[in-house]
Structure formats: C-alpha cells, structure tokens
Amino acid sequence: QVQLVESGGGLVQPGGSLRLSCAASGTIFSRNAMGWYRQAPGKQRELVAAITSGGITNYADSVKGRFTISRDNAENTVYLHMNSLKPEDTAVYYCNYRHRPTYSTTWYDYWGRGTQVTVSS
C-alpha cells in the first residue's frame with residue numbers, strides 16, 4: 001500500500017506561481033513513476049506531468065515551458081513548479097504514483113485526494 005500526501009494548492013492570480021508537493025510513503029518499489037493529473041469540472045482527468053524513478057519526464061502540451069516536474073528519490077517526493085498560471089489551469093490536481101512489483105505484470109496506481117488550484121483575478 002502507498003499513501004500520498006499532497007500540499008501546495010491554493011488561489012493565485014493569472015501569471016502567478018505555485019508549487020505542489022506530494023510525498024509517497026508505504027511500500028515503495030524501485031521502478032516507479034510519480035506525476036500530477038488534473039480534472040476540471042465537466043472534463044476528464046488529464047495528465048499534467050510525470051517523472052519516472054530514472055528521471056524521464058513528460059508534459060502535457062498545454063503546460064510545456066510553464067510547469068516543471070521534479071522529484072526527490074530519497075524522500076519519494078514529487079514537485080510541480082507551476083509558473084505563468086492561466087485561468088485554464090484551474091482544476092483539482094491529483095498526485096499519482098505507480099509501480100510494478102517484481103512478481104507482477106501489472107502496474108498499480110495510487111492516487112492522492114487532490115488539491116484545488118484556482119487561477120483567478
């Protein structure tokens with residue numbers, strides 16, 4: 001079992017910045033990925049950014065150049081630095097952790113409760 005604790009959400013004006021943090025604890029496997037998804041009202045959940053335990057990253061096209069994902073492997077913590085925020089970024093942001101135990105062919109996903117990010121003047 002993996003537990004995810006998120007922090008950093010809040011209200012910010014357009015053009016502002018926020019940093020989201022998510023710490024994973026529990027049974028952590030070497031091969032894993034952590035990332036952030038978001039879901040706005042009436043829309044499907046979408047990938048924002050993700051990073052593997054090896055440091056490989058990917059971003060949604062809408063946030064490239066504005067958001068940066070990073071991680072501290074020693075503490076199993078992932079960060080999302082969000083700059084130049086736009087109203088369209090308003091959503092609930094969910095931390096995601098996934099891993100595949102060596103005895104399994106299936107990747108297991110774990111989710112945080114979500115943290116609200118609101119970009120408004």
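Asn-76 is buried, at a relative accessible area of 18%; buried means under 20% relative accessible area, exposed over 50% and partly exposed in between (1.4 Å probe, protein chains only). The residue sits in the loop between β7 and β8. Strands are DSSP runs of E with at least two residues, helices are runs of H or I with at least four, and both are numbered from the N terminus. This is a predicted model, in which local features need pLDDT of at least 70, side-chain atom pairs count only at pLDDT 80 or more, and totals for chains, interfaces and linings use all residues. Residues are numbered from 1 along each chain as its sequence is written, and side-chain values use heavy atoms, with hydrogens and water left out.

- Phi of Asn-76 is near 50 degrees, a positive value in a residue other than glycine.
- Asn-76 touches Cys-22, Ala-23, Ala-24, Ile-28 and Met-34, not counting residues up to four places away in sequence. Contact means heavy atoms within 4.5 Å.
- Ser-84 is not a glycine either, yet has a positive phi of about 50 degrees.
- Ser-84 belongs to the loop between β8 and β9. Its relative accessibility is 40%, so Ser-84 counts as partly exposed.

**Disulfide**

- The count comes to 1 disulfide, defined as a pair of cysteine sulfur atoms within 2.5 Å.
- Cys-22 and Cys-95 form this link, with their sulfur atoms 2.0 Å apart.
- The pair joins distant parts of the chain: Cys-22 is in strand β3 and Cys-95 in strand β9, 73 residues apart.
- The link of Cys-22 and Cys-95 is left-handed, with -85 degrees about the S-S bond.
- Cys-22 counts as buried because its relative accessibility is 1%. Cys-95 is buried too, at 0%.

**Nonpolar core**

- The largest nonpolar core has 28 residues. Such a core is a set of buried Ala, Val, Leu, Ile, Met, Phe, Trp, Tyr and Cys residues joined through side-chain atoms within 4.5 Å.
- Leu-4, Trp-36, Leu-80, Met-82 and Tyr-93 have the most contacts inside this core.
- At least two core residues come from each of β1 (2-7), β3 (18-26), β4 (32-39), β5 (46-52), β7 (67-72), β8 (77-82), β9 (91-99) and β11 (115-119).
- Leu-80 touches Leu-18, Arg-19, Leu-20, Trp-36, Val-48, Ala-49, Phe-67, Thr-68, Ile-69 and Tyr-93, leaving out residues up to four places away in sequence.

**Asn-32 in strand β4**

- Asn-32 lies in strand β4. With a relative accessible area of 6%, Asn-32 is buried.
- Beyond its neighbours within four places in sequence, Asn-32 is in contact with Thr-52, Ser-53, Arg-71, Tyr-97, Arg-98, His-99 and Trp-107.
- Asn-32 and Arg-100 are 68 residues apart along the chain, while their C-alpha atoms are separated by 7.0 Å.

- Thr-27 is in the loop between β3 and β4. Thr-27 is partly exposed, with a relative accessible area of 41%.
- Contacts of Thr-27, leaving aside neighbours within four places in sequence, are Gln-1, Val-2, Tyr-97 and His-99.
- Thr-27 and Gln-3 are 24 residues apart in sequence and 8.9 Å apart in space, C-alpha to C-alpha.
- Gly-54 is in the loop between β5 and β6 (57-59). At 67% relative accessibility, Gly-54 counts as exposed.
- Gly-54 and Asn-73 are 19 residues apart in sequence, with 9.3 Å from C-alpha to C-alpha.

**Largest pocket**

- The largest pocket has a volume of about 160 Å³. On a 1 Å grid over the protein atoms alone, a pocket is an open set of points with protein on both sides within 12 Å along at least five of seven lines. The volume is the space filled by probe spheres set on the points.
- The lining has 13 residues, and Arg-38, Lys-43, Glu-46, Ser-62 and Glu-88 lie nearest the pocket centre. Lining residues have an atom within 4 Å of a point.
- The lining divides into 2 nonpolar, 4 polar and 7 charged residues. Asp, Glu, Lys and Arg count as charged, Ala, Val, Leu, Ile, Met, Phe, Trp, Tyr, Cys and Pro as nonpolar, and the others, Gly among them, as polar.

Notes
1 Å grid on protein atoms, 1.4 Å probe; cavity = no way out; pocket = protein on both sides within 12 Å on 5 of 7 lines; lining within 4 Å.
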